[in-house]
Amino acid sequence: MDHNKIRVRFAPSPTGPLHIGGVRTALYNYLFAKKQGGEIILRIEDTDQNRFVEGAEQYIIDAFNWCGIKFDEGVVEGGPFGPYRQSERKGIYQKYAFDLINSGHAYYAFDTGKELDEIRKSYESEKKTFIYNAIERKKLRNSLTLSQEELQSLLNKDTPFVIRFKMPANSDIILNDLIRGEIKVNTGVLDDKILFKSDGMPTYHLANIVDDHLMEVSHVIRGEEWLPSLPLHKLLYDAFDWKAPEFAHLPLLLKPEGNGKLSKRDGDRLGFPVFPLQWKDPKSGEISSGYREDGYFPDAFINMLALLGWNPGDEKELFNMDELVEAFSMERVGKSGSKFDPDKARWFNHQYLITKTDDYLAMLFIPILKSKKVSNTDSTFVATVIGMVKERANFIEDIWDHSSFFFVAPESYDPKAVKKRWKDTSYDEMHQLKLVLEGINDFTSSNIETILKTWIEENELGTGLVMNAFRLLIVGALKGPHLFDIVAMIGKDETLNRIDKGLINLGRKETINI
RNA sequence: GCACCGUUCGUCUAGCCAGGUCAGGACGCCAGGUUUUCAUCCUGGUAACACGGGUUCAAAUCCCGUACGGUGUACCA
């Protein structure tokens, strides 16, 4: 094995859907590894049986498939360091916990959760904080205070126990973080963390260190919420006499209100999705929206996420995955948490939408047309329409609002537009315009334009008046692309029909107003 | 409470490490232009170094303090 190889991991616990902060952490891991020709592992940290959520692991896998983050090893791909699910590695951890006891770095503790709760409460009532540390451990029931015989007897009777780390009483330790630099902490403020639970499972701290070591992880890139645990983790590597990996603690994604980190529980209440994919809670049945279902392109989503906390140092903002890999560096990851900006997310999606081919967009749009019961879903026709309107859309769904009149005649006429543009003379002018249109055989945009403009000039009609009234009949509102392009697309018969229909609906202005 | 981390336009950020720039860009917003319409697009504008002290000829940049925010402080991860 090449010990200089870059190996990173993303290690979520399957307690629900992954939120965008988690996706970003995985993304930075991926970019960091790929930039340096390294590998990325997906490891599932399911040591807490109580918090297991049905479907969460599959959700995580689906989410990464959708957004294009590919793992080299993990629960799906397998690999030489498996299994990659901690519940399946259960047998591994116990040995290491006992090694720590034997080397004097850990000890048995027999205090029950209930006992500890009571101690905490009584301390609290005296306005003191209880921490299970070098001082307090001397007063409690553990292998440090018990005699050899008492200890043996408790163990023989299968008394439940946990294994705690024996935190040094008072020593300064220097830690290094790739993003934050040097951090100094005194162990006196730290507690004797539980490494191994009474249910026979390791806690995060133990499992994490053991697995990262066994899987030859070179860089641990994780959220800032882990920074306070870094001293413990460093001490654990030292206790095992293992070489510790490099650490990088990423700034958190914050709630837009500016208090607290983004969490799974934020669901839909923020006004934008916090999950990559839609999620249905298996217990409550509650549905939370996802970026995929909201119409975001995966590459836009990734681009947007990458720029939230990292920047290339120049003014380039649009990156595909390959470009991100090429440009990424940990030095350019920021230190402070960032709030998500839904407007900017929409802008990113717009940028990606306009670069997609018309044919590709048509493929995505046709199902929407079918759901609207549109009869003409010919892909060439749809693609042409999309080419005319995509500049104005942020999402595929938006295209309908910008193009419905290519597919169906207006059901109603925008009242404001009617009031403003349907003048006294409009009825007669449109009636005459229809007669002119009827005479055109070469019904192409440019030909219609030439003929109508000539007709307008010869009859000394106002271009604006005629065109706006005409647009009203065809589109139903004062919006949309070049009008001659629209009528050429919908064809002569449909155009004439819409004029007839409009003349009936709108009538002469006098008859409306009086 | 204690520990650690952080703080540049409303938001994402450049600049800080190696002090000297009208503190730059993007989103948003506003105005003008283009368009027979709407949108796009183009041009312009708006708006920030948390505060106080120190070092220095010179501080967003280095040092100290304060405030504010965040994370952690579970037999959760």
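Me: How many residues apart are Asp-238 and Lys-234 in helix α7?

Reply: They are four residues apart in helix α7 (residues 230-240), which means a separation of about one helical turn. Helices here are DSSP runs of H or I with at least four residues, and strands are runs of E with at least two, numbered from the N terminus. The model is predicted: local features need pLDDT of at least 70, side-chain atom pairs count only at pLDDT 80 or more, and totals for chains, interfaces and linings use all residues. Residues are numbered from 1 along each chain as its sequence is written, chains are lettered from A and ligands numbered from 1 in the order in which they are written, and side-chain values use heavy atoms, with hydrogens and water left out.

Me: What do Asp-238 and Lys-234 form?

Reply: Side chains of opposite charge can pair when their charged atoms come close. A salt bridge is a side-chain nitrogen of Lys or Arg within 4 Å of a carboxyl oxygen of Asp or Glu. Asp-238 and Lys-234 form such a bridge, with their closest N and O atoms 3.2 Å apart. Asp-238 is partly exposed at 41% relative accessible area, and Lys-234 is partly exposed at 27%. In these terms, buried means under 20% relative accessible area, exposed over 50%, and partly exposed in between (1.4 Å probe, protein chains only).

Me: Which parts does the salt bridge between Lys-344 and Glu-317 tie together?

Reply: The side chains of Lys-344 and Glu-317 meet at 2.9 Å, N to O. Lys-344 belongs to helix α10 (residues 342-355) and Glu-317 to the loop between α8 (298-306) and α9 (321-327), so the bridge ties together parts 27 residues apart in sequence. Lys-344 is partly exposed at 32%, as is Glu-317 at 30%.

Me: How many aromatic pairs does the structure hold?

Reply: A pair of aromatic rings is described by the distance of the centres and the angle of the planes. Rings of Phe, Tyr and Trp (its six-membered ring) pair if their centres lie within 6.5 Å; planes under 30 degrees apart count as stacked, over 60 as edge-to-face and the rest as tilted. The structure holds 28 aromatic pairs. In one of them, Phe-130 and Tyr-132 have ring centres 6.2 Å apart and planes at 75°, so this pair is edge-to-face. Phe-130 is buried at 8% relative accessibility, and Tyr-132 is buried at 3%. Trp-310 and Phe-319 also form an edge-to-face pair, with 5.8 Å between centres and 70° between planes. Trp-310 is buried at 2% and Phe-319 at 3%.

Me: Which residues do ring pairs link into a cluster?

Reply: The cluster contains Trp-66, Phe-272, Tyr-291, Tyr-296, Phe-301, Phe-340 and Phe-395.

Me: Which ring does the charged end of Lys-128 sit over?

Reply: A charge sits over a ring if NZ of Lys or CZ of Arg is within 6 Å of the ring centre and within 35 degrees of the ring normal. The charged end of Lys-128 sits over the ring of Tyr-123, 5.2 Å from its centre. Lys-356 lies over the face of Phe-297, at 4.9 Å from the ring centre.
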